[in-house]
Amino acid sequence: MLISRPLTATLLLSFLLLLLSSTSHAHNITRILAKHPEFSSFNHYLTVTHLAPEINRRQTITVLALDNAAMSSILAKQLSVYTIRNVLSLHVLTDYFGSKKLHQITNGTSLISSMFQATGSAPGSSGYVNITDLKGGKVGFGAEDNDGKLDATYVKSVAEFPYNISILQISQALNSNEAEAPTPGPSDINITAIMAKQGCKAFADLLIATGAHTTFEENLDGGLTVFCPTDGVINGFMSKYKNLTAAQKVSLLLYHGIPVYQSLQMLKSSNGIMNTLATDGASKYDFTVQNDGEVVTLKTKVITAKITGTLKDEEPLVIYKINKVLQPRELFKPEPEAEAPAPKAAKKHKKPSGDEEEEAYAPEDDSADQTADNKSGVGGINGGKMIWMVVSWCMGIILL
């Protein structure tokens with residue numbers, strides 16, 4: 001069966017558009033809820049508490065929406081905006097549940113983590129939500145730290161974009177003593193205490209000893225990202241650290257902070273040069289953020305460090321663990337660039353005889369080529385190039 005060139009080009013372009021759409025997961029929770037005025041109060045507080053951008057950045061999410069009447073019960077408790085953030089983050093599940101999936105839960109009940117649990121502010125099992133398929137087609141929801149009580153029931157599906165975001169209305173707010181506990185505002189957060197409790201005490205002690213911690217605290221309200229070398233890393237670096245002047249020590253420590261909130265997803269999508277708290281006029285004190293898949297690296301002219309974990313991620317503050325001390329080129333000698341090896345001259349092979357023939361003519365190892373091929377798929381480094389090659393080829397067919 002022969003297919004005309006225009007038809008072939010049309011099919012290829014359709015496939016390309018499908019490919020591009022399948023890689024997109026962008027959604028805007030406030031824009032979706034704006035179409036439903038009965039959720040205006042819920043929508044407003046998603047914006048006020050900065051939960052909306054967090055929801056928009058996640059690829060798979062379920063929002064348990066509360067109508068204006070249900071929100072009034074939360075507001076009547078006169079909670080601080082930071083505590084309201086915790087309460088609402090309990091209503092955002094880190095998995096996708098459409099209306100059909102609610103009735104297909106294995107064994108009829110399931111514990112699902114919420115964004116409240118993901119912040120690290122929820123101790124123990126608090127921050128998990130129990131979803132249970134009840135009799136008569138009803139589905140119940142309850143916070144795990146509320147003695148197993150199912151406070152709310154499923155009302156309706158507001159919007160579903162499988163398997164990206166689902167917005168489901170529930171009858172009332174979930175009760176959780178942990179989520180409703182008084183929460184300090186950003187200015188009241190003790191950054192060094194958070195570090196000290198989670199494996200970065202040595203770095204925290206250096207911040208306090210030099211007074212650099214005050215600069216971190218002053219930048220907290222406007223957004224702050226901190227890269228914290230772990231205790232073992234700092235201990236191994238102390239011989240170099242002791243050789244610095246007092247001013248250089250402060251600059252080194254400030255080099256580990258960015259005066260803006262950068263979630264891990266934001267770092268992955270905004271590769272490039274970052275200014276730091278140490279940046280001042282002619283003193284650049286910057287480094288380059290680069291990711292290879294899920295691994296995010298911080299490259300100075302001296303070393304390359306990797307992000308190995310997250311101590312806290314709750315806007316406007318995020319603290320990451322890194323496996324090396326960030327060494328700015330302003331303070332340390334850059335590593336010499338390795339010279340490219342001279343090309344090897346082609347070897348002349350003598351034709352083997354007998355049993356030696358198979359071994360002598362065995363092909364060279366092509367693992368490097370295979371690795372390069374694996375990195376050049378649609379989702380890899382050269383994915384964009386391949387897509388535009390397909391577009392160009394399709395256009396060529398149409399023009400012919």
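Predicted model: local features only at pLDDT ≥ 70, side-chain atom pairs only at ≥ 80, totals over all residues.
Residues are numbered from 1 along each chain as its sequence is written, and side-chain values use heavy atoms, with hydrogens and water left out.

A pocket is an open set of points on a 1 Å grid over the protein atoms alone where a 1.4 Å probe fits, with protein on both sides within 12 Å along at least five of seven lines; lining residues have an atom within 4 Å of a point. The volume is the space filled by probe spheres set on the points, which are joined across faces, edges and corners.

Lining the second largest pocket are 17 residues, and E54, R58, L264, Q265 and D313 lie nearest its centre. As for the largest pocket, T183, P184, I189, K312 and E314 are the closest to its centre among 31 lining residues.

Here are the two side by side, with Ala, Val, Leu, Ile, Met, Phe, Trp, Tyr, Cys and Pro counted as nonpolar, Asp, Glu, Lys and Arg as charged, and the others, Gly among them, as polar.

| Pocket | Volume | Lining by class |
|---|---|---|
| Largest | about 650 Å³ | 13 nonpolar, 12 polar, 6 charged |

Now for the lysine: K101 is partly exposed, with a relative accessible area of 32% (partly exposed lies between buried, under 20%, and exposed, over 50%, with a 1.4 Å probe and protein chains only). Leaving aside neighbours within four places in sequence, K101 is in contact (heavy atoms within 4.5 Å) with D95 and Y96.
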